[in-house]
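Take a look at the model below. Keep the sequence and the 3D view side by side as you read.

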Amino acid sequence: MTDAGSGLEVGQHAPGFTLRDQNGADVSLSDHLGKRHVLLVFFPWAFSGICTGELTEIRDDLGRFVTEDVQVLTISCDAMFSLRAYADRDGYFFPLLSDSWPHGEVAKAYDVFDDKAGVARRGTFLVGRDGVIRWSLVAGLGERRDFSGYDAAMSHA
């Protein structure tokens, strides 16, 4: 077993999941399939510098990530209550999903769980309405992800 995977590949079916958001509501991938694309954004730590920068980019350009055609879902191994405090502090009104228990189960299903650090790597997956991964990007824990490939992927979706 490796410390961290390289993520699921384009063309694979996205594993289904149901996780609690920062407000305690259940959110399932299947809630959106058939209706819109879903951009899954895994991040390692609430309140950390790089993660805050990435989520702030989503917040500040929300119309790029949440439209009639796409829904963003962010996922972290942090507890729901930590994600609520994080969302409240920084004004994140999109779903921050807690993959805390069983610890990292969804991150593991997407092959982005870092066993050594015990957190999700910066995996990003564009899931089509049909549940198939259309674009993916995985960055290391200390690397800021580049969302520019997402724009190109959406132009072909």
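The model is predicted: local features need pLDDT of at least 70, side-chain atom pairs count only at pLDDT 80 or more, and totals for chains, interfaces and linings use all residues. Residues are numbered from 1 along each chain as its sequence is written, and side-chain values use heavy atoms, with hydrogens and water left out.

**Helix H1**

Helices (H or I, at least four residues) and strands (E, at least two) are DSSP runs, numbered from the N terminus. H1 covers residues 49–60, 12 residues in total. From first C-alpha to last, H1 reaches 16 Å, close to the expected 16 Å. The expected span is 1.5 Å times one less than the number of residues.

Which residues of H1 are buried? They are Cys51, Thr52, Glu54, Leu55, Thr56 and Ile58. Buried means under 20% relative accessible area, exposed over 50%, and partly exposed in between (1.4 Å probe, protein chains only). The buried residues of H1 pack against several elements, among them strand E3 (37–42), helix H3 (80–90) and strand E8 (122–127).

**Aromatic rings**

The whole structure holds 11 aromatic pairs. Rings of Phe, Tyr and Trp (its six-membered ring) pair if their centres lie within 6.5 Å; planes under 30 degrees apart count as stacked, over 60 as edge-to-face and the rest as tilted. Here are two of the pairs.

| Pair | Centre distance | Plane angle | Type |
|---|---|---|---|
| Phe47 and Tyr86 | 4.8 Å | 50° | tilted |
| Tyr86 and Tyr92 | 5.2 Å | 75° | edge-to-face |

Phe47 lies in the loop between E3 and H1, while Tyr86 lies in helix H3, 39 residues apart. Phe47 has 40% relative accessibility, so it counts as partly exposed. Tyr86 has 0%, so it counts as buried. Tyr92 is buried too. Ring pairs join Phe43, Phe47, Tyr86, Tyr92 and Phe94 into a cluster.

**Nonpolar cores**

A nonpolar core is a set of buried Ala, Val, Leu, Ile, Met, Phe, Trp, Tyr and Cys residues joined through side-chain atoms within 4.5 Å. The largest core has 22 residues. Phe17, Leu40, Phe42, Ile75, Tyr110 and Phe125 touch the most other members. E3, E4, helix H4 (105–109) and E8 each supply at least two residues. E3 gives the largest share, 3 residues.

Beyond its neighbours within four places in sequence, Tyr110 is in contact (heavy atoms within 4.5 Å) with residues including Gly7, Phe17, Leu40 and Phe125. A second, separate core has 21 residues, including Cys51, Ile58, Tyr92 and Phe147.
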